[in-house]
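Trainee: Could you walk me through reading a structure like this one? I would like the general idea first, then the case at hand.

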Amino acid sequence: MNTDVYVSITPMAEPAVGCTAELERLGDEIAELSAHLDAATARLLELIREFDARAGWNTGFRSCAEWLTWRVGLDRGAARERVRVARALGTLPRMAQALARGELSYSKVRALTRVATQDTEERLLAVGRAGTAEHVERIVRGWRRVDRLAEAQETARRHRSRAVHVYQDEDGMVVFRGRLAPEVGAVLIQALAAAREALYQKAHAESVRAETSDVSLEPPTMPQQQADALALVADAALHHGIDPGAPGERYQVVVHVDAPVLADADAPGQSVLDDGAHVSAETSQRLACDASRIVMRHDPDGRILEVGARTRTIPPALRRALHHRDRGCRFPGCGLRFGQGHHIRHWAHGGPTTLSNLALLCRRHHRAVHEEGYQVERQRDGELRFRRPDGRPLPESPPLPAVPADPVGILRARNDERGLNIHARTSMPGWLGERLDVGWAIDVLHPLAAPLTVETPVATP
């Protein structure tokens with residue numbers, strides 16, 4: 001049985017002349033507004049760069065990117081990328097100006113700043129103006145491949161020259177001198193930076209402790225901070241089992257604290273390490289929040305009369321419940337998965353070791369609460385309230401900014417005030433539709449690329 005199928009084809013109607021003009025107007029408005037947004041993004045990155053350089057984020061947050069996730073609501077990856085681009089544009093003035101005039105999109109600038117230097121900025125800026133965002137991404141990928149090939153031999157040479165020398169000086173100080181491969185050095189630098197941020201914060205110098213202590217307010221020098229950070233990195237490495245075959249007790253840090261000091265930081269008494277070095281009463285209280293505890297009784301002459309059994313301040317079962325409930329550091333804007341149990345009311349003050357009196361804080365924010373003047377309390381509804389050292393509340397999420405009724409009009413007006421002449425063709429690339437030859441473009445643009453060889457025809461007799 002044959003079946004005939006009939007297909008009816010209706011030609012597409014051409015848009016009316018008036019409709020075409022309207023669509024073109026809409027397209028121009030999209031292009032113009034996009035250029036306005038790019039110009040505003042340049043100003044945003046400029047503000048982020050200044051805020052980052054002046055450590056305005058250093059109010060309980062570990063980095064500018066972390067502050068952006070809390071204050072602006074950016075994804076962590078997007079926040080880190082904004083900070084990276086902002087820093088890069090600080091050394092690339094031509095590229096920053098092109099973005100500020102709306103001539104380059106943020107997508108192009110984000111790609112170009114991955115490879116641009118002061119020496120190559122001008123030629124890469126020409127690439128951004130001439131090509132589409134896809135062209136720019138392809139050229140940047142090719143650029144980075146050439147960089148990797150050119151650096152292969154240099155990498156091997158560096159690897160052979162790696163070395164670390166450690167020796168003890170005449171005064172007993174330990175001296176380090178060495179050379180590390182760039183990627184290893186980058187890990188060390190990042191670890192030192194993280195440890196340094198954990199130890200030294202701007203809030204620390206401005207905290208209540210500065211008002212109640214006779215200690216000089218002069219902050220440690222950068223080399224001194226690096227030395228302290230290295231000690232913290234070593235401690236953290238051993239704590240996380242870098243030498244799992246050694247007995248667990250070997251790497252424990254023991255602090256001897258007089259009982260009155262735990263209850264009152266101003267009480268007479270001592271807080272000393274095993275080697276006799278003194279630590280502050282606030283540090284002792286922080287360590288005692290979540291540690292093993294052994295009670296020893298002494299006679300008036302200092303002789304030990306009785307030693308109790310070692311007990312955990314927070315039992316394992318309660319710790320599991322704490323991690324399950326809090327699921328990370330509770331300090332606003334942090335959320336780091338691993339942390340320490342903090343007694344909201346310290347057990348030495350009569351606070352119970354119960355779930356309602358505990359909060360999970362990462363190591364850095366635990367220090368902020370005990371030693372930098374930050375405060376935390378649990379409300380009647382069970383929620384936590386944090387306060388800055390000056391008593392101002394630190395909310396879980398910041399208040400939403402006021403948005404004008406006509407944000408687009410405000411954006412255009414601000415750009416006009418800055419003397420920007422932005423229109424529908426401001427950010428249009430100079431590409432004429434030709435196919436992109438990435439290999440040829442890299443040979444022409446990259447300073448390390450092999451020079452082009454041109455064959456000259458030879459006339460035959």
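Predicted model: local features only at pLDDT ≥ 70, side-chain atom pairs only at ≥ 80, totals over all residues.

Mentor: Let's begin with strand pairing. Two strands pair if DSSP finds at least two bridges between them, strands being DSSP runs of E with at least two residues and helices runs of H or I with at least four, numbered from the N terminus. Here β1 (residues 163–168) and β2 run antiparallel, joined by six bridges. Opposite A163 stands R179 in β2. Five residues lie between the strands of this hairpin, where G172 has a positive phi near 95°.

Trainee: How many residues of strand β2 are buried?

Mentor: Buried means under 20% relative accessible area, exposed over 50%, partly exposed in between (1.4 Å probe, protein chains only). In β2 (residues 174–179) zero of the six residues are buried, so the strand lies largely in the open.

Trainee: And which residues of helix α6 are buried?

Mentor: In α6 (residues 121–130) they are E121, L124, L125, V127 and G128. Viewed down the axis of α6, they fall within an arc of 155°, so they line one face of the helix; the arc is that of the directions from the helix axis to the C-beta atoms.

Trainee: What is the average pLDDT?

Mentor: The protein averages 78, and 75% of the residues score at least 70.

Methods:
Residues numbered from 1 in each chain as written. Heavy atoms only, no water. pLDDT = per-residue confidence, 0-100.
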